[in-house]
Amino acid sequence: MFSPSKALGMPENYSQHGGQVDHMIDVVHYFMLALGIGWTIFFFYCSFRFWHRRNARASYHGVKNHISSHLEIGVVIVEAVLLLGFAFPLWAERVDSFDRVQADDPVRVRCIGYQFAWNYHYPGADGKFGRIDRSLVNKVGDPCIDPNDPNGFDDYESAVLKIPVGRPAILQITSTDVIHNFAIVPMRIQQDAMPGKDIPMWFTPLREMETSVVCAQLCGEGHANMVGTLQVISDKAYTKWADAQTTAALESNADKLTSN
Ligand code: CUA
């Protein structure tokens, strides 16, 4: 069957939920096509029906039946069904899946946008981020980890987003300056990055790959250059990398560890 999302050049999907997004884009385009054809026919019908030579004298009564009122009520009912019957339940299902994904051994990463790049904050081996204190911000893209919180001693930063294949990833999106938007098109996911807030988004990558993270919110003169790298790697390679980063973080905090 003809797929508008493919015809319009959407890149290949590599996430578990992405097929549903593509399907929705297809359905919306079919509706738009139906509307476009309907209105075009109506336009030509009116052009012919109300042609000035066939209607030399204006009608002072106009339309006398109620078809247009009934059609408008019909449109309101269809739109109410779409919103209440489909859009709201789909959104509820998406929001509810956050509880399930949290029980599913996810990888957690904080993604910090700034003019004009992305920084990543990993929780280390304990899986817990250090306490976030945004008043401590002292550089662009600062994760703002409280240096005295033991949960943060094994936390580390990365300029590249690395996640393991086949495991859900929960990304907490934030910013240290203006509003950005963290978008990974091949994963069919994006989220606004708001200063002062960590907003979670989640997906499961299906294949090992390297792709781009882009900023999808006009945020200043360097907006178009705000391109980052996502590497989806094997679980083994990810564990090896994460262990090395954790060890390095613990070494740099060795003085704090002994004094605790
Ligand atoms: Cu950041 Cu556009």
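1. The place of C144 is in the loop between β2 and β3 (156–158), where helices are DSSP runs of H or I of at least four residues and strands are runs of E of at least two, numbered from the N terminus. Its phi is near 60°, a positive value in a residue other than glycine. C144 counts as buried because its relative accessibility is 5%, buried being under 20% relative accessible area, exposed over 50% and partly exposed in between, with a 1.4 Å probe and protein chains only.

2. This is a predicted model, in which local features need pLDDT of at least 70 and side-chain atom pairs count only at pLDDT 80 or more, whereas totals for chains, interfaces and linings use all residues. Residues are numbered from 1 along each chain as its sequence is written, and side-chain values use heavy atoms, with hydrogens and water left out.

3. Two further backbone features deserve a check. R188, in the loop between β6 (180–184) and β7 (189–193), has a phi near 55°, a positive value in a residue other than glycine, and R188 is buried, with a relative accessible area of 10%. A cis peptide bond, with omega about 5°, joins Q115 and F116, and F116 lies in the loop between β1 (107–114) and β2 (117–122).

4. On the aromatic side, the whole structure holds 9 aromatic pairs, a pair being rings of Phe, Tyr or Trp (its six-membered ring) with centres within 6.5 Å, stacked if the planes are under 30 degrees apart, edge-to-face if over 60 and tilted otherwise. The rings of F43 and F44 have centres 5.3 Å apart and planes at 75°, so this pair is edge-to-face; F43 and F44 are both exposed. Y156 and W241 also form an edge-to-face pair, at 5.6 Å centre to centre and 85° between the planes, which links strand β3, holding Y156, to helix α4, holding W241, across 85 residues of chain. Y156 counts as buried at 7% relative accessibility, as does W241 at 15%. Ring pairs link Y122, Y156, Y238 and W241 into a cluster.

5. R54 lies over the face of F48, at 4.9 Å from the ring centre; the criterion is NZ of Lys or CZ of Arg within 6 Å of the ring centre and within 35 degrees of the ring normal.

6. The domain assignment, automatic or from a database, gives domain 1 (18–96) and domain 2 (106–259), and 44 Å separate their centres, taken over C-alpha atoms.
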